[in-house]
Amino acid sequence: DQGSSWDRVPIDAQSINAPLSRAAVFLVVTVNDTPAALAKACDALSSVGDLLKDVGFRDLTAHLSCVVGIGSDLWKRLGIAKRPAELKPFAAIQGAKHNAPATAGDVLFHIRADRADLVFEFERVLLDKLGDAVQVEDEVSGFRYFDARDLLGFVDGTANPDGSDLPAATQVGSEDPAFCGGSYVVVQKYLHDLTAWGQVPVEQQEKIIGRTKLDNVELDDDAWAQKTHKTLATIVDEKGVEHDILRDNMPFGRPGQQEFGTYFIGYSRRLWVTEKMLQRLFIGEPVGKYDRLLDFSTAKTGCTFFVPTRAMLGNLPQLATALAKKA
Ligand code: HEM
């Protein structure tokens, strides 16, 4: 069965299906504005698979993996004639009360492992390789919190697609043949007001999320005046088909700085699905009835990337050579 064989793959580049991990780093960089920087970045991106082996082989049981996503502007700069059909920069959203900002990012590295030291070491080696070709725009180290809970105390990730539903929800198919097997990924860094959240009675918190807190049972909110987070994030098209995304959110924070956050990451076959979720969360459904989770969570970043298949990423060296000649 394909699901369990994925689980056993010890080192995996570009596997968005890598199992949920104990540790992760979300690294977003921009590539400097020179042909030499572009060539150097291409070279580093195409060597991610080898770097993973260098670090991951030291403990195969830690399942080190890295997914590379490429942003719309960088795709343009690479000069590849074809582009993924839906790829575009993250569109900022201004709701009545809350907004989702768009921030800079050419490349996302989603690094995961069951050991924080492997994640750290891989990031160190990777940034060494990228050198002065890039600027780090954002860097977040996430950790597994008890039974996969976010810092608001709720189990996060339950309704993710699994098994054979997973590729269908996350990988581009025949609708865009040149990019078959790729995926769109959206990230946002959220900071929570845990003091305010802590003053909300648990029963009310459950009515905001749409699940019970302790035992994680889904609630039916059909009769409620305002939709829950889980219902606003459920997308059903005009034919009645539900469209899922794959989330691998991670908590992060520094209690000494009163910093408590959730790094949201969502992979999808169709970018419009994640965009529609964001519209419903921030604008509301009906308009104005936004996601009350946002009263306690502020979006600080927002970026969209396309994750090419391993083969596509491996073709970047030719591009790097061509770019280096121009430099
Ligand atoms: C469900 C937390 C942001 C999409 C959930 C659940 C929790 C949660 C606790 C219920 C359990 C589960 O099914 O995973 C959070 C937190 C966020 C956040 C703490 C940030 C502060 C987002 C964003 C999106 C999103 C930005 C989409 C753009 C979803 C989806 C579900 C979900 C699709 C499953 C809905 C279902 O089918 O039941 N989230 N979430 N979440 N969330 Fe979020």
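How do the residues of the lining of the largest cavity divide into nonpolar, polar and charged? The lining comprises six nonpolar, four polar and six charged residues. Here Ala, Val, Leu, Ile, Met, Phe, Trp, Tyr, Cys and Pro count as nonpolar, Asp, Glu, Lys and Arg as charged, and the others, Gly among them, as polar.

The model is predicted: local features need pLDDT of at least 70, side-chain atom pairs count only at pLDDT 80 or more, and totals for chains, interfaces and linings use all residues. Residues are numbered from 1 along each chain as its sequence is written, and side-chain values use heavy atoms, with hydrogens and water left out.

One cavity of 30 Å³ or more was found in a search of the whole structure. The largest cavity holds about 160 Å³ of space. It is lined by 16 residues, of which Ala 148, Asp 156, Asp 248, Asn 249 and Met 250 are the closest to its centre. On a 1 Å grid over the protein atoms alone, a cavity is a set of points where a 1.4 Å probe fits but cannot get out; a pocket is an open set with protein on both sides within 12 Å along at least five of seven lines; lining residues have an atom within 4 Å of a point. Grid points are joined across faces, edges and corners, and a volume is the space filled by probe spheres set on the points.

The largest pocket contains about 800 Å³ of space. Its lining has 37 residues, and Asp 156, His 229, Lys 230, Ala 233 and Arg 247 are the closest to its centre. Two or more lining residues come from each of strand 8 (183–192), helix 9, strand 10 (242–243), strand 13 (259–268) and helix 10 (271–282). Helices (H or I, at least four residues) and strands (E, at least two) are DSSP runs, numbered from the N terminus. Helix 10 gives the most, with four residues. By class, the pocket lining has 16 nonpolar, 12 polar and nine charged residues.

The ligand carries an iron atom, whose single donor from the protein is His 229 (NE2), 2.1 Å away. Donors are N, O and S atoms within 2.8 Å of the metal (3.2 Å for Na, K and Ca); water is not among the atoms, so sites may look incomplete. His 229 belongs to helix 9 (residues 229–232). A side-chain N or O atom of His 229 also lies 2.9 Å from a nitrogen atom of the ligand. Arg 247 places a polar side-chain atom 2.8 Å from a ligand oxygen atom. For Thr 158, a polar backbone atom is 3.0 Å from an oxygen atom of the ligand.

Asn 32 occupies the loop between strand 2 (23–31) and helix 2 (35–46). Beyond its neighbours within four places in sequence, Asn 32 is in contact (heavy atoms within 4.5 Å) with Ala 37, Arg 77, Asp 132, Ala 133, Val 134 and Gln 135. The C-alpha atoms of Asn 32 and Ala 133 are 5.6 Å apart, although 101 residues separate the two along the chain.

Two backbone features lie in loops. A cis peptide bond, with omega of about -5°, joins Glu 285 and Pro 286. Pro 286 sits between helix 10 and strand 14 (297–299). His 63, not a glycine, has a positive phi of about 50°. The loop holding His 63 runs between helix 3 (48–56) and strand 3 (65–70).

Notes: A polar contact is a pair of N or O atoms within 3.5 Å; within protein, one must be able to donate a hydrogen and the other to accept it, and residues adjacent in sequence count only if both atoms are side-chain atoms.
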